[in-house]
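Colleague: I have just opened this one and I am new to it. Could you walk me through what stands out?

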Amino acid sequence: MIEIRKGGLRSDYVMDVSRLEEIRAVFRSDETLMVGAAATYTEIMENREVQQHAPVLALAASQVGSRQIRNAGTLGGNVANASPAADSVPALLVHNARVNIQSAFGQRVERLEDVVTGPYGTNLGAGELIVGFILEPLPDYRSGFQRIARRRALSIARINAAAAARLDSDGKVGDVRLSLGSVTPRPCRMTPAEDHLLGKIPDNATIREAAAMVSREMVRLSGIRSSTEYKRPAVEGLVVKTLSDVFGSHAS
């Protein structure tokens with residue numbers, strides 16, 4: 001609707017699908033968590049299945065805009081808009097999200113990182129609709145979500161970060177997922193930093209080393225830009241804060 005008002009999108013018809021219950025449902029199915037594309041941020045953050053199996057998504061949803069925006073904005077809309085600053089995308093990547101896409105001619109399921117092709121770009125074709133997301137549940141993982149914006153509320157994120165991790169019985173990192181928004185051309189996980197943390201006790205020094213690796217990965221993927229001087233320390237600080245939230249007392 002914003003693009004229509006700006007004159008950037010022209011269409012003879014606009015269809016409201018927000019009341020289709022089939023694409024608003026959130027439920028567990030076998031080994032996955034199914035989240036409808038028309039589920040609002042408020043519904044996501046208050047849903048018990050999401051809170052239990054995808055708490056980082058619930059955290060991300062709670063940080064979006066104002067209460068009015070959370071009551072109307074949807075997960076599918078956030079992904080289809082493909083803003084680099086979308087708060088839901090890093091959280092979805094942590095859960096290895098796949099996107100369920102439907103048209104009159106059939107259905108396809110693709111990885112989220114393949115659907116979003118770049119800033120405000122997707123591989124959605126004419127007549128295709130995102131109907132839901134298939135997430136890998138992480139019920140025993142610690143989660144964290146942080147963002148940097150110009151002000152505390154009602155502001156688009158300049159950088160955001162989502163993370164989830166599982167510690168083994170010996171206190172070492174058994175699995176970790178880390179993703180950032182607004183720092184790379186396409187959504188992706190920060191694999192080098194994840195690999196660095198695996199099998200280690202997540203103390204402060206190890207976390208800072210991982211944060212520095214994220215900064216280098218950002219530059220490798222995005223190149224040197226006018227904002228790089230600001231973003232490098234900002235990214236490192238945000239990663240340290242996010243991972244410290246995840247690992248708690250271990251990060252000391």
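Colleague: What happens to the backbone just after α10?

Modeller: Bearing in mind that this is a predicted model, the residue just after α10 is Gly223, and its phi is positive, at about 80°.

Colleague: And how far apart are the end C-alpha atoms of α10?

Modeller: They are 27 Å apart, and this agrees with expectation, because the 19 residues of the helix, 204–222, should span 27 Å at 1.5 Å a residue.

Colleague: Which elements do the buried residues of α10 pack against?

Modeller: They pack against β10 (173–181), α9 (191–197) and α11 (228–247). The buried residues of α10 include Ile207, Ala211, Val214 and Met218, and Glu217 is also one of them.

Colleague: Which residue does the side chain of Glu217 meet in a salt bridge?

Modeller: Its partner is Arg220, with an N to O distance of 2.9 Å. Glu217 is buried, with a relative accessible area of 12%, whereas Arg220 is exposed at 59%.

Colleague: How many salt bridges does the structure hold?

Modeller: There are eleven salt bridges in the structure. One of them joins the side chains of Glu43 and Arg24, at 2.3 Å from N to O. Glu43 belongs to helix α2 (residues 41–46) and Arg24 to the loop between α1 and β1, so this pair ties together parts that lie 19 residues apart in sequence.

Colleague: Are Glu43 and Arg24 buried, exposed or partly exposed?

Modeller: Glu43 is partly exposed, with a relative accessible area of 30%, and Arg24 also counts as partly exposed, at 22%.

Colleague: Which residues are linked in a network of salt bridges?

Modeller: The network links Arg108, Glu110 and Glu128. Within it, the side chains of Glu128 and Arg108 meet at 2.7 Å, N to O. This pair links distant parts of the chain, since Glu128 sits in the loop between β6 (121–122) and β7 while Arg108 is in strand β4 (residues 106–111), 20 residues apart. Glu128 counts as partly exposed because its relative accessibility is 26%.

Colleague: What else is in contact with Glu128? I had Ser103 in mind.

Modeller: Ser103 is in contact with Glu128, and also with Gly127, once neighbours of Ser103 within four places in sequence are left aside. Ser103 is found in strand β3 (residues 98–103), and with a relative accessibility of 16% it counts as buried.

Colleague: Changing topic, which residues touch the most other members of the largest nonpolar core?

Modeller: They are Leu57, Leu92, Leu112, Phe133 and Leu135, out of the 38 residues in that core. Taking Leu92, and not counting residues up to four places away in sequence, it touches Leu57, Leu75, Val79, Ala97, Leu112, Phe133 and Leu135. A second, separate core has 28 residues, including Val176, Leu197, Val235 and Val246.

Colleague: Why would nonpolar side chains be buried together?

Modeller: As a general matter, that is how nonpolar side chains tend to be arranged in soluble globular proteins.

Colleague: Which residues form a nonpolar patch on the surface, then?

Modeller: The patch is formed by Met1, Ile4, Leu9 and Val14, which together have about 380 Å² of accessible area. Val14 is in the loop between α1 (2–6) and β1 (26–29), and it counts as exposed because its relative accessibility is 56%, where the cut-off is over 50%.

Colleague: Back to the backbone: what is phi like at Asp30 and Asn96?

Modeller: Both have a positive phi in a residue other than glycine, near 55° for Asp30 and near 50° for Asn96. Asp30 lies in the loop between β1 and β2 (32–36) and is exposed, with a relative accessible area of 70%. Asn96 is placed in the loop between α7 (88–94) and β3, and is partly exposed at 35%.

Colleague: Where is Glu136, and what does it touch?

Modeller: Glu136 is in the loop between β7 (129–135) and β8 (142–149), and apart from residues up to four places away in sequence it touches His95, Asn96 and Arg177. The C-alpha atoms of Glu136 and Thr32 are separated by 5.2 Å, although these two residues are 104 residues apart along the chain. Glu136 is partly exposed, with a relative accessible area of 31%.

Key:
Residues are numbered from 1 along each chain as its sequence is written. Side-chain values use heavy atoms; hydrogens and water are left out. A nonpolar core is a set of buried Ala, Val, Leu, Ile, Met, Phe, Trp, Tyr and Cys residues joined through side-chain atoms within 4.5 Å. Buried means under 20% relative accessible area, exposed over 50%, partly exposed in between (1.4 Å probe, protein chains only). Contact means heavy atoms within 4.5 Å. Patches are made of residues with over 30% relative accessible area and no salt bridge: like charges are joined within 9 Å, nonpolar side chains (Val, Leu, Ile, Met, Phe, Trp, Tyr) within 5 Å. Accessible areas come from the Shrake-Rupley method with a 1.4 Å probe; for residues, only the protein chains shown count as cover. A salt bridge is a side-chain nitrogen of Lys or Arg within 4 Å of a carboxyl oxygen of Asp or Glu. Helices (H or I, at least four residues) and strands (E, at least two) are DSSP runs, numbered from the N terminus. The expected span of a helix is 1.5 Å times one less than its number of residues.
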